[in-house]
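This briefing concerns charged side-chain pairs and helix packing. Please consult the sequence and the structure shown below while reading.

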Amino acid sequence: MDNLEQTEKIVRRLFDPKYERTNKYIAREVKNAYVQHVLESNWRNICGEHLEKHCCIHKIEKNTLIIRTASSVWANHLLLMKNLFLQKINAFLLGSVIIKDLKFYSGGQIKRYQTIQQKETEQPDIFSSCRICGVPVRGKEDLCSVCAREQREKLGSRIAELLVIQPWLSYEECLDYCKCDRILFTAVRDRVQNKYFEKVRLGSAGKSDCLLAVMFLTGRKPEEIDEKLYANTLEYLRRDQSVPASGLRLHGKKQRNNRYF
């Protein structure tokens, strides 16, 4: 009822001669767009469920409503009903003679108009319960947003623990220990390795911190790191103030697959 009253006010405001002075600055296209919206919202009620399947509103030109039909047969059929159709259309515009003529043409796809209530009836929201806290969750998700964030944080902590133990770990190797997506793994790896890179730059890194920084940057295990590589890597980290996460060059050698050769 509230929507109907609001529609009535707008239609009368747009087309009542009493408001002609205030409406002269409103473009015809704007008025027609609103009328088309009202008619499309009520199309099933105007023409009935059966006819709705075979015709739809195409556009409004001045005071003429152009209707698209599924075939030329339907165009001719509706043409015979033109006067009755015109009366019903203007009745939904609250008796105002806004649409003065109808034109029908065939071809193209027919739009299906449905009200919001009909959509909600035909496509109801699906709810499930969060498997941890039990609160309702929209859709097919099994975790609410709070529990999903907590689970992701726990997974991130697990990845960080693995990387401190095995800094050379690749994403594919990490999947053998815990299932995660590449984005999370990369974000955690960058955060952990940058922590040790910064310690080396600031000169606050202990012996184990330096070794971890070297393993993160070179992607090598302890037994694969000799004294020269160890010293060169630390010198590189202390000198370079912005070591990228992917690594670029280390004394003229390129990194391939996160490992230096």
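A residue is termed buried under 20% relative accessible area, exposed over 50% and partly exposed in between, with a 1.4 Å probe and protein chains only. By this scale Asp209 is buried, at a relative accessible area of 13%. The model is a predicted one, in which local features need pLDDT of at least 70 and side-chain atom pairs count only at pLDDT 80 or more, whereas totals for chains, interfaces and linings use all residues. Residues are numbered from 1 along each chain as its sequence is written, and side-chain values use heavy atoms, with hydrogens and water left out.

**Salt bridges**

- The structure contains nine salt bridges, a salt bridge being a side-chain nitrogen of Lys or Arg within 4 Å of a carboxyl oxygen of Asp or Glu.
- One of them joins Arg182 to Glu172, with 2.8 Å between the closest N and O atoms. Arg182 belongs to helix H10 (residues 182–202) and Glu172 to helix H9 (residues 171–174), so this pair ties together parts that are ten residues apart in sequence.
- Helices (H or I, at least four residues) are DSSP runs, numbered from the N terminus.
- Both partners are partly exposed: Arg182 has a relative accessible area of 45%, and Glu172 has 46%.
- Lys199 pairs with Asp209 in a further salt bridge, the closest N and O atoms lying 3.5 Å apart. Because Lys199 lies in helix H10 and Asp209 in helix H11 (residues 207–218), the pair links parts ten residues apart in sequence.

**A pair within helix H10**

- Arg201 and Glu198 form a salt bridge at 3.1 Å, N to O. Both residues lie in helix H10, three residues apart, which is about one turn of the helix.
- Arg201 is buried at 17% relative accessibility, whereas Glu198 is partly exposed at 36%.

**Packing of H10 against H12**

- The axes of H10 and helix H12 (residues 227–239) come within 8 Å and cross at roughly 85°. Axes are lines fitted to C-alpha atoms, for helices over the stretch in contact, and angles run from 0 to 180 degrees between N-to-C directions.
- H10 is therefore roughly perpendicular to H12, a term that covers angles of 65 to 115 degrees.
- Phe197, Val200 and Arg201 of H10 meet Leu234, Leu237 and Arg238 of H12, where contact means heavy atoms within 4.5 Å.
- By class, this contact of H10 with H12 has four nonpolar, no polar and two charged residues. Ala, Val, Leu, Ile, Met, Phe, Trp, Tyr, Cys and Pro count as nonpolar, Asp, Glu, Lys and Arg as charged, and the others, Gly among them, as polar.

Notes:
Helices (H or I, at least four residues) and strands (E, at least two) are DSSP runs, numbered from the N terminus. Angles under 35 degrees count as roughly parallel, over 145 as roughly antiparallel, 65 to 115 as roughly perpendicular and the rest as oblique.
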